[in-house]
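Subject: Structure handover

Hello,

Here is the structure for you to look through.

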Amino acid sequence: MVRRAAATALGYHSRSAAFRGLLLQLALRVLLVAFIFFALFLQPPESYRLVYGLLLIGYLATIACWGFWALRPANDAGIGARRWVALLMLCADVAVVSILSVQSGLSSPNTWTSDVLHYGLFLIPLIAAAQLDPFVSSVIAVPTVAAYVVVLWVNQAANGDEPWGSILTTTGLLFGLAAGSVALSWIQQSKERTIARLAQERSHLLEEIVTLEKRERQTLSERLHDGALQYVLASRREMEEVREGSTESMDRVDVALGECSRLLRDVVRELHPEVLARAGLRAAVTSLADSIAARTSLAVHVDFHDWPDDLRTDADHLLYSAAREFSTNAIKHAKADNLRFTLGRSNGRATLCVADDGVGIEPERLALSVEAGHIGFASIRAKVLALGGMLDVHDTRGTEIAISLPSQAAV
């Protein structure tokens, strides 16, 4: 469901960007029509005025048909069809401006109409860039520049023998504009791909977190059911004999309730460690290290030089959970002699490193442990990545797991 919702949102974003691009193309074409109309109106050609009018009307009709096709809500044409339509329309833009410029230059050499009209070709790369497709922009760049050179060459005599230096300079300017439109389209497409990749990663992380939370709740439920609840039920069964005065039953109830209390205390401590809430992360990890050293043969070392005593951050609970999870894995699987905790904070980022000198762990073993239902490591990793952090595992003379994530000091 999470992934489907993210895909829907991404599709909406892509369609919205494409629709805005189409609106920009339509606006630029309307601007081009207005430019041509006012050029012809302010300095009418000396002949063939009906031909100019019909050509402009035909161009307007073509734009209207394209706009109706491209902007209709149910437009489900593929990428190939949209590209071909875009190229045909851009070719029509180039053809109309080129024909009007050449015709006005040949038929009305004493007017400035041709001198102005050919500058309409500078709008073509902008229209192509609004397509947000580098392929379209690059394909249309060549005929646009070529048409501009041809128009200036045909009208060279009418323009008072304009020198080739001037022609090449303005052509270079148009070429730069066309190249810029290609680059702009490529940057926009790259941005769209980046957004799509980030959206997929985000949806994957959200889905992974939801799945892990479900499995964590299931694991917690199983622990309570198979542990504390069984001792409570056993105590209830003993109560009948307790009422009859059986001291053995009373002893069994006492043992069961004591074990039940211990199990519940362990669960509560894991959900929200009292020392973490009371004294902060440094004291909580120190208590964890002392507990490990007391009940195992490991030599436990701590390095908290870069973590002030009274510092509290919004990342404390996750870092403590990670320290507890990684140290538990080291105790069970590493066969190590030494275990080290390192805490630090600088530049708004909190870091935790848990390292041992045991047998190490391979990525394949981590994947297999997650598939087998051991979700602790996967849960920590998903939460760290969801918060914009990083988790690295190094297998060199033991295992070193390092976490770095953004953190803010608690008020």
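Below is what came out of the analysis.

This is a predicted model, so local features need pLDDT of at least 70, side-chain atom pairs count only at pLDDT 80 or more, and totals for chains, interfaces and linings use all residues. Residues are numbered from 1 along each chain as its sequence is written, and side-chain values use heavy atoms, with hydrogens and water left out.

Confidence and overall make-up

Mean pLDDT (the predictor's confidence in each residue, from 0 to 100) is 80 for the protein chain, and 84% of its residues reach 70 or more. Treat residues 5-10 separately: pLDDT stays under 50 there, and the model has 5 contacts for them beyond four places in sequence. Contact means heavy atoms within 4.5 Å.

The protein chain has 14 helices and 5 strands. These are DSSP runs, numbered from the N terminus: helices are H or I with at least four residues, strands are E with at least two. Of the 411 residues, 36% are buried. Buried means under 20% relative accessible area, exposed over 50%, partly exposed in between (1.4 Å probe, protein chains only). Among contacts between residues at least 6 apart in sequence, 74% join residues at least 24 apart.

Salt bridges

The whole structure holds 6 salt bridges. The criterion is a side-chain nitrogen of Lys or Arg within 4 Å of a carboxyl oxygen of Asp or Glu.

One of them pairs D93 with R29, at 2.9 Å from N to O. D93 sits in helix α3 (residues 79-107) and R29 in helix α1, so the bridge ties together parts 64 residues apart in sequence. Both D93 and R29 are buried.

E238, E241 and R252 form a salt-bridge network. E238 comes to 3.1 Å from R252, closest N to closest O. E238 is in helix α8 (residues 228-243) and R252 in helix α9 (residues 247-271), so this pair ties together parts 14 residues apart in sequence. For E241 and R252, the closest N and O atoms are 3.6 Å apart. E238 is buried at 18% relative accessible area. E241 is partly exposed at 37%, and R252 is partly exposed at 39%.

One buried serine

S137 lies in helix α6 (residues 134-154). Its relative accessible area is 0%, so S137 counts as buried. Leaving aside neighbours within four places in sequence, S137 contacts A128, A129, S181, V182 and S185.

Best wishes
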